[in-house]
Amino acid sequence: MTTSQSNKLSFLQRPEGNIAYTDAGTGPLVVAMPGMGDLRSTYDDLAPALVDAGYRVVVADLRGHGDSDTTFRTHGDDATGTDFIALVEHLGAGPAVLLGNSMASSAAAWAAAERPELVRGLVLLSPLLRQTGSPAMQKVLRGVFRVLLARPWGAAFWAAYYSSISKGRRSARHAEQVAEVRQSLRDPAHLRSFRDLAMVLDHSVVEARLSEVTAPSLAVVGALDPDFTDPAKELTWITETIGSRGVLVDEAGHYPAQQAPDVVVPAVLDFLAGLPDATEGGRNA
């Protein structure tokens with residue numbers, strides 16, 4: 001499928017398939033990926049603003065999502081983290097700022113721990129940096145996803161769930177975004193890939209590496225995000241754990257860049273403007 005960001009669609013060859021990405025603008029490199037079950041178009045407000053501000057913005061689809069191949073058999077935060085790393089190396093313009101929403105922010109943090117010399121900074125939107133719930137609960141949830149992300153109802157289920165976690169303000173293009181997501185998942189191969197990811201996703205692989213994350217970071221959490229029992233408390237934990245600058249977005253759920261671009265865009269631009277030169281480093285205070 002295509003989105004408004006796909007006028008210059010390119011592909012990165014990986015061992016199990018190709019990752020689709022767009023490349024716009026010139027300047028310091030920002031590489032972005034959406035969360036699971038989402039598409040590049042999730043950044044249709046944020047990415048153009050970054051390009052206009054003088055950044056080169058590369059936005060990629062996750063494995064098995066959007067225009068990326070559905071041939072991948074390996075999924076998860078660490079697998080996506082290797083895709084971040086491979087993209088930065090392929091583009092030859094690093095170190096880069098890695099930007100992600102939800103599990104893609106988890107993958108960005110993993111990549112920053114794995115290859116710190118390639119990561120100039122992190123923009124973590126709705127970041128899931130630790131595994132919540134007991135192992136037994138995780139097993140139950142995976143069983144639930146196995147059923148709910150099956151045909152013929154899987155696409156409809158996820159579209160409804162996507163809307164349910166967009167609590168608070170709604171983007172003017174919310175209905176269009178949900179329709180794109182649903183249409184993509186009507187393809188059996190896309191739905192299978194998404195289900196495969198949901199079945200293996202385990203953020204403990206990221207949590208174990210957080211002490212190695214030294215890149216400056218911005219963490220943005222919606223105050224109404226139902227993925228967190230207490231969003232404000234989770235944001236405090238994130239800022240204390242990896243030294244992030246934190247922004248709690250009122251009236252926003254799991255997709256703050258979509259729901260509140262008037263808050264997120266200035267916060268991201270301010271963070272990017274304050275980053276040290278590529279030859280410098282260290283955490284934000």
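1. The largest cavity has a volume of about 50 Å³. On a 1 Å grid over the protein atoms alone, a cavity is a set of points where a 1.4 Å probe fits but cannot get out, and lining residues have an atom within 4 Å of a point. Grid points are joined across faces, edges and corners, and a volume is the space filled by probe spheres set on the points. Four cavities of 30 Å³ or more are found in a search of the whole structure.

2. The model is predicted: local features need pLDDT of at least 70, side-chain atom pairs count only at pLDDT 80 or more, and totals for chains, interfaces and linings use all residues. Residues are numbered from 1 along each chain as its sequence is written, and side-chain values use heavy atoms, with hydrogens and water left out.

3. Residues lining the largest cavity include Gly-37, Asp-38, Leu-39, His-65, Val-181, Ser-184, Leu-185 and Phe-194. Two or more lining residues come from each of α6 and α7 (188–200), and α6 gives the largest share, three residues. Helices (H or I, at least four residues) and strands (E, at least two) are DSSP runs, numbered from the N terminus. By class, this lining has four nonpolar, six polar and one charged residues. Here Ala, Val, Leu, Ile, Met, Phe, Trp, Tyr, Cys and Pro count as nonpolar, Asp, Glu, Lys and Arg as charged, and the others, Gly among them, as polar.

4. Helix α6 has buried residues His-174, Gln-177, Val-178, Glu-180, Val-181, Ser-184 and Leu-185. Buried means under 20% relative accessible area, exposed over 50%, and partly exposed in between (1.4 Å probe, protein chains only). Down the axis of α6 these buried residues fall within an arc of 155°, so they line one face of the helix; the arc is that of the directions from the helix axis to the C-beta atoms. The face turned away from the buried side of α6 carries the exposed residues Ala-175 and Glu-176.

5. The largest pocket has a volume of about 800 Å³. A pocket is an open set of grid points with protein on both sides within 12 Å along at least five of seven lines. Of its 31 lining residues, Leu-128, Thr-132, Leu-141, His-203 and Asp-227 are the closest to the centre. The largest share of the lining, six residues, comes from α4. The lining divides into 17 nonpolar, eight polar and six charged residues.

6. The whole structure holds 15 salt bridges, each a side-chain nitrogen of Lys or Arg within 4 Å of a carboxyl oxygen of Asp or Glu. One of them joins Asp-67 and Arg-40 (3.1 Å, N to O). This pair links distant parts of the chain, 27 residues apart: Asp-67 is in the loop between β4 (56–60) and α2 (77–91), and Arg-40 in the loop between β3 (29–33) and α1 (46–52). Asp-67 is buried, with a relative accessible area of 15%, and Arg-40 is buried at 0%.

7. Arg-169 forms a salt bridge with Asp-262, with the closest N and O atoms 2.7 Å apart. Arg-169 lies in the loop between α5 (154–164) and α6 (174–185) and Asp-262 in helix α11 (residues 261–273), so the pair ties together parts 93 residues apart in sequence. Arg-169 is partly exposed, with a relative accessible area of 33%.
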